[in-house]
Each structure stands twice: as C-alpha cells, then as structure tokens.
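This report covers a nonpolar core and the aromatic residues around it. Please look over the sequence and the model first.

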Amino acid sequence: MKNFWPIIKHDFYKLYNDFFEEYVCLRSISSSYITLIPKVDNACLVTDFKPISLLNSSVKLITKILANRLQQHITSLVHKNQYGFIKSRTIQDCLATIITPRRRL
C-alpha cells in the first residue's frame, strides 16, 4: 500500500473525512469476499479447501486510526482494575496488585 499511497491518498482522505462526517455507509465498506482455495489436487470434500477472505483495506486503516485515538483516552474511560487491551497496563500489574499486601485503614 505504501507504494501506491501517492495515487490513493486523496481518495483515502476523502473516505476518512466522509466517515467522520457520517456520510459513509459502513455496510458498503465493511463487506468482504470469501473464496475457497483447494489444499489438494482434485479437491472434493469441504476439508480439502481453505477459506480466505479479502477485506477492504480502508476499513482496516480507519479502525487502526480509531484504536490509536481511543488509546489516548481509554484510561479515563476504563476502571483502573481493567488490564486487557490497554497499552499502558499489563497482566503483571494485575498480579502485583493481588500479591502486594493491602494497608488497613
């Protein structure tokens, strides 16, 4: 995609702006094409095929942008004891909280 960025960037920026202005039908850009690729010659059973899907790359980019933007604010939205899917928190933090004795008030 990097090789073609000069060609597609104007279209992507338009899609991006239209997405945030709610002019884009999500159903039209979030669909995928699924096909079956044979694993063996003369495939005839379902297990002889491997399904693959072709997704719209613009949807992947928009969701990545949204996820990155959300990371800036997620710690104020999620409880401090929640550790999944937050870049600044790890399961080790959770274990340290459990193992560390609590002070009694």
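Which residues make up the largest nonpolar core? In this predicted model, the core consists of seven residues: Phe12, Leu15, Tyr16, Phe19, Val24, Ile29 and Ile62. Helix 1 (residues 5-20) supplies the largest share of this core, four residues. In soluble globular proteins, nonpolar side chains tend to be buried together.

**Phe12 and Ile65**

Phe12 belongs to the core. Its relative accessible area is 11%, so Phe12 is buried, being under the 20% cut-off. Which residues does Phe12 touch, not counting those up to four places away in sequence? The answer is Trp5, Ser58, Leu61, Ile62 and Ile65. Among these, Ile62 is itself a member of the core.

Ile65 lies in helix 3 (residues 57-71). Is Ile65 buried or partly exposed? Ile65 counts as partly exposed because its relative accessibility is 26%, between the 20% and 50% limits. Leaving aside neighbours within four places in sequence, Ile65 is in contact with Phe12 and Tyr16. Along the chain, Ile65 and Tyr16 are 49 residues apart. Their C-alpha atoms are separated by 9.8 Å.

**Aromatic pairs**

How many aromatic pairs does the structure hold? There are six. A pair of aromatic rings is described by the distance of the centres and the angle of the planes. Two of the pairs are set out here.

| Pair | Centre to centre | Angle between planes | Class |
|---|---|---|---|
| Phe12 and Tyr13 | 6.5 Å | 55° | tilted |
| Phe19 and Phe20 | 5.1 Å | 90° | edge-to-face |

Why is the pair of Phe19 and Phe20 edge-to-face? The planes of Phe19 and Phe20 stand at 90°, and an angle over 60 degrees counts as edge-to-face, so the pair falls in that class. The planes of Phe12 and Tyr13 are 55° apart, and their pair is tilted.

Phe12 is buried at 11%, whereas Tyr13 is partly exposed at 43%. Phe19 counts as buried at 18% relative accessibility, whereas Phe20 is partly exposed at 34%.

**Cluster and charge**

Trp5, Phe12, Tyr13, Tyr16, Phe19 and Phe20 form one aromatic cluster. Phe12, Tyr16 and Phe19 are also among the core residues. Where does the charged end of Arg69 sit? The charged end of Arg69 sits over the ring of Phe20, 5.2 Å from the ring centre.

Technical notes: Residues are numbered from 1 along each chain as its sequence is written. This is a predicted model: local features need pLDDT of at least 70, side-chain atom pairs count only at pLDDT 80 or more; totals for chains, interfaces and linings use all residues. Side-chain values use heavy atoms; hydrogens and water are left out. A nonpolar core is a set of buried Ala, Val, Leu, Ile, Met, Phe, Trp, Tyr and Cys residues joined through side-chain atoms within 4.5 Å. Buried means under 20% relative accessible area, exposed over 50%, partly exposed in between (1.4 Å probe, protein chains only). Helices (H or I, at least four residues) and strands (E, at least two) are DSSP runs, numbered from the N terminus. Contact means heavy atoms within 4.5 Å. Rings of Phe, Tyr and Trp (its six-membered ring) pair if their centres lie within 6.5 Å; planes under 30 degrees apart count as stacked, over 60 as edge-to-face and the rest as tilted. A charge sits over a ring if NZ of Lys or CZ of Arg is within 6 Å of the ring centre and within 35 degrees of the ring normal.
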